Amino acid sequence: MQIHDRGEPLSEQSLQELEEKLGARLPEPYRRFLQEYNGGRPEPDILDIAGAPFGGASVREIFGVGTERKCGDLLWNKETLDGAFAEDWLPIADDSSGDIYCIVTKGEDRGHVYFLDYYASWEAYFVASDFDAFLQKLRAWTPEELAEIKKLAAENAAANAVELDPDKPVA
């Protein structure tokens with residue numbers, strides 16, 4: 001696995017300051033990730049989600065701290081999504097549709113990663129028992145999936161094609 005567009009690795013002191021702001025110590029696998037990568041775009045980026053009617057989703061970006069883009073910043077996402085789901089669920093990543101991946105920071109599910117479906121009022125689906133397992137589940141598109149995407153794109157293009165009449169004025 002590769003992490004593209006990663007941030008400046010976080011020092012132990014920066015992590016402790018982050019944890020003070022969050023009011024919780026981060027689970028160790030996620031702490032290690034922030035210390036090494038501090039966010040970024042994973043490759044491969046597809047994740048199968050058991051029990052989800054859509055089967056799976058991408059992981060567009062794993063949030064970091066102090067990123068140039070607000071929407072990729074861990075604290076910005078925490079503030080922006082405050083109250084959308086349980087207080088001890090920290091948004092750590094997103095997909096290309098606005099859905100969020102969260103890690104549980106307290107309680108008996110501490111460390112678990114969940115997918116929250118924005119279009120289903122944040123319905124939650126279990127993804128992994130910890131952040132390392134979350135990363136290990138990432139995979140590439142299969143040739144069959146890519147063929148299906150190409151087929152759907154071609155069908156969509158054909159359905160939206162407009163035949164232009166060169167003799168008709170453009171409105």
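This is a predicted model: local features need pLDDT of at least 70, side-chain atom pairs count only at pLDDT 80 or more; totals for chains, interfaces and linings use all residues.

Me: Which element gives the largest share of the largest nonpolar core?
Reply: This core has 42 residues, and those touching the most other members are Tyr30, Phe33, Ile92, Tyr101, Phe131 and Phe134. Two or more residues come from each of several elements, including α1 (12–22), α2 (28–36), β6 (89–94), β7 (100–104) and α4 (131–136). The largest share, five residues, is given by β7.

Me: How many disulfides does the structure hold, and why?
Reply: A disulfide requires two cysteine sulfur atoms within 2.5 Å. The sulfur of Cys71 has its closest cysteine sulfur in Cys102, at 16 Å, and this is too far for a bond; seen from Cys102, the closest cysteine sulfur is in Cys71, again at 16 Å.

Me: Asp117 has no salt bridge; which side chain of opposite charge is nearest to Asp117?
Reply: Asp117 lies in strand β8 and is buried. A salt bridge would need a side-chain nitrogen of Lys or Arg within 4 Å of a carboxyl oxygen. The nearest side chain of opposite charge to Asp117 is 14 Å away, and it belongs to Arg60.

Me: Which backbone nitrogen does the side chain of Asp117 reach?
Reply: Not counting residues up to four places away in sequence, Asp117 touches Phe54, Asp99, Trp122, Glu123 and Tyr125. Besides these contacts, the side chain of Asp117 reaches a backbone nitrogen at 3.1 Å, and that nitrogen belongs to Tyr119.

Me: Is Tyr37 buried or exposed?
Reply: Tyr37 is found in the loop between α2 and β2 (41–43), where its side chain makes a polar contact of 3.1 Å with the side chain of Glu36. Tyr37 also touches Ile3, Arg6 and Gly7, when residues up to four places away in sequence are not counted. The threshold for a buried residue is under 20% relative accessible area. Because the relative accessible area of Tyr37 is 18%, Tyr37 is buried.

Me: What is the phi of Asn38, a residue that is not a glycine?
Reply: Asn38 is found in the loop between α2 and β2, and with a relative accessible area of 3% it is buried. Although Asn38 is not a glycine, its phi is positive, at about 50°.

Me: What is the phi of Trp122?
Reply: Trp122 lies in the loop between β8 and β9, and at 18% relative accessibility it counts as buried. Trp122 is a residue other than glycine, yet its phi is positive, near 65°.

Me: Is the peptide bond from Glu43 to Pro44 cis or trans?
Reply: Pro44 lies in the loop between β2 and β3 (46–48). For the peptide bond from Glu43 to Pro44, omega is near 5°, and the bond is cis.

Conventions:
Residues are numbered from 1 along each chain as its sequence is written. Side-chain values use heavy atoms; hydrogens and water are left out. A nonpolar core is a set of buried Ala, Val, Leu, Ile, Met, Phe, Trp, Tyr and Cys residues joined through side-chain atoms within 4.5 Å. Buried means under 20% relative accessible area, exposed over 50%, partly exposed in between (1.4 Å probe, protein chains only). Helices (H or I, at least four residues) and strands (E, at least two) are DSSP runs, numbered from the N terminus. Lys and Arg count as positive and Asp and Glu as negative; His and the chain ends are not counted. A polar contact is a pair of N or O atoms within 3.5 Å; within protein, one must be able to donate a hydrogen and the other to accept it, and residues adjacent in sequence count only if both atoms are side-chain atoms. Contact means heavy atoms within 4.5 Å.
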